[in-house]
Amino acid sequence: MRSSLTLVGTLWAFLSLVTAVASSTSYFLPYWLFGSQLGKPVSFSTFRRCNYPVRGEGQSLIMVEECGRYASFSAIPSLAWQMCTVVTGAGCALLLLVALAAVLGCCMEELISRMMGRCMGAAQFVGGTCRLGWAYYCAGGGAAAAMLICTWLSCFAGRNPKPVMLVESIMRNTNSYTMELDHCLKP
């Protein structure tokens, strides 16, 4: 089975997969920002949190010592945080989609052309935009690698179509029209 990718394209596909997995993993983990509240360590990300305060009996605050997500989208504390959740999630989905297509390009001939590789690189640049614990750095590193390295490598990922095959395809299509025209013109 022949690949539609060059050697650089194969490297791009592998790195695309790694950056997409790193960004997506960090999106789901609540270890972006760390701090303490009521003497307990807390951490959170866009839609998950660990060790958070809740109101107990008599208006007192008690710490829930577990990780979980917000009960609903509207429970996310601010509009900016809600927007970040949506944009980051969409970026991760885009990175995963491009990585899947790139990996499939390793196994399928004529799937990714040079122009398609460049378009996918542009999608990676857009998908890597937006994201202080280790998950935050993982997201930032994955986004930076997707935006810079993967975008650059995608320019060299696809194989150029062979000119002979292109000419043969054009001739085949031209010949079928010519034969139909000849058939119609014969008395």
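Colleague: Before we get into details, how many helices and strands does the protein have?

Modeller: In this predicted model, the secondary structure of the protein comes to 5 helices and 4 strands, and from the N terminus on the elements run α-β-β-β-β-α-α-α-α. Of the 187 residues, 34% count as buried.

Colleague: How do the strands pair up, parallel or antiparallel?

Modeller: The 4 strands form an open sheet with antiparallel pairing, in the order β1-β2-β3-β4. At the edges are β1 (33-37) and β4 (61-69), each of which pairs on one side only. On average, and with direction ignored, neighbouring strands of this sheet are turned by 40 degrees against each other.

Colleague: And where does F44 sit?

Modeller: F44 is found in strand β2, which covers residues 40-44. Strand β2 is joined by 2 bridges to β3 (residues 48-55), and the two run antiparallel, forming a hairpin with 3 residues between them.

Colleague: Is F44 buried, exposed or something in between?

Modeller: F44 has a relative accessible area of 29%, so it counts as partly exposed, given that buried would need a value under 20% and exposed one over 50%.

Colleague: Which residues does F44 touch, leaving out its sequence neighbours?

Modeller: Not counting residues up to four places away in sequence, F44 touches P30, Y31, W32, L33, R49 and W81.

Colleague: You mentioned C50; what is its bridge partner in β4?

Modeller: The bridge partner of C50 in β4 is C67, and β3 and β4 pair over 7 bridges in the antiparallel sense. These two strands also form a hairpin, with 5 residues between them, and G58 in the turn has a positive phi of about 70 degrees. As for F44 and C67, they are 23 residues apart along the chain, and their C-alpha atoms are separated by 8.8 Å.

Colleague: Changing topic, how many aromatic pairs turn up?

Modeller: A search of the whole structure finds 5 aromatic pairs. One of them is Y31 with F34, whose ring centres are 6.4 Å apart and whose planes lie at 20 degrees, so that pair is stacked. Y31 is partly exposed, at a relative accessible area of 27%, whereas F34 counts as exposed at 53% relative accessibility. Elsewhere, ring pairs link Y27, F28 and F47 into a cluster.

Colleague: Now the helices: how does the span of α2 compare with what it should be?

Modeller: Helix α2 has 29 residues (79-107), which should span 42 Å at 1.5 Å a residue, and its end C-alpha atoms are 43 Å apart, which agrees. Its buried residues include Q82, C84, T85, T88 and G89.

Colleague: Which residues does the transmembrane region annotation cover?

Modeller: According to UniProt, in an unreviewed entry, the annotation "transmembrane region" covers residues 79-108. Over residues 79-108 the chain is 97% helix and 0% strand.

Colleague: And what about α1?

Modeller: The 22 residues of helix α1 (residues 7-28) should span 32 Å at 1.5 Å a residue, and the end C-alpha atoms are 32 Å apart, so the two values agree. Among the buried residues of α1 are G9, W12, A13, S16 and Y27, and Y27 is also part of the ring cluster with F28 and F47.

Terms used:
Residues numbered from 1 in each chain as written. Predicted model: local features only at pLDDT ≥ 70, side-chain atom pairs only at ≥ 80, totals over all residues. Heavy atoms only, no water. Buried < 20%, exposed > 50% of the residue type's maximum accessible area, 1.4 Å probe, protein only. Contact = heavy atoms within 4.5 Å. Pairing = 2+ DSSP bridges. Axes fitted to C-alpha atoms, helices over the stretch in contact; angles between N-to-C directions. Expected span 1.5 Å × (residues − 1). UniProt positions renumbered as here; feature names shortened; annotations may be inferred. Phe/Tyr/Trp six-rings, centres within 6.5 Å; stacked < 30°, edge-to-face > 60°.
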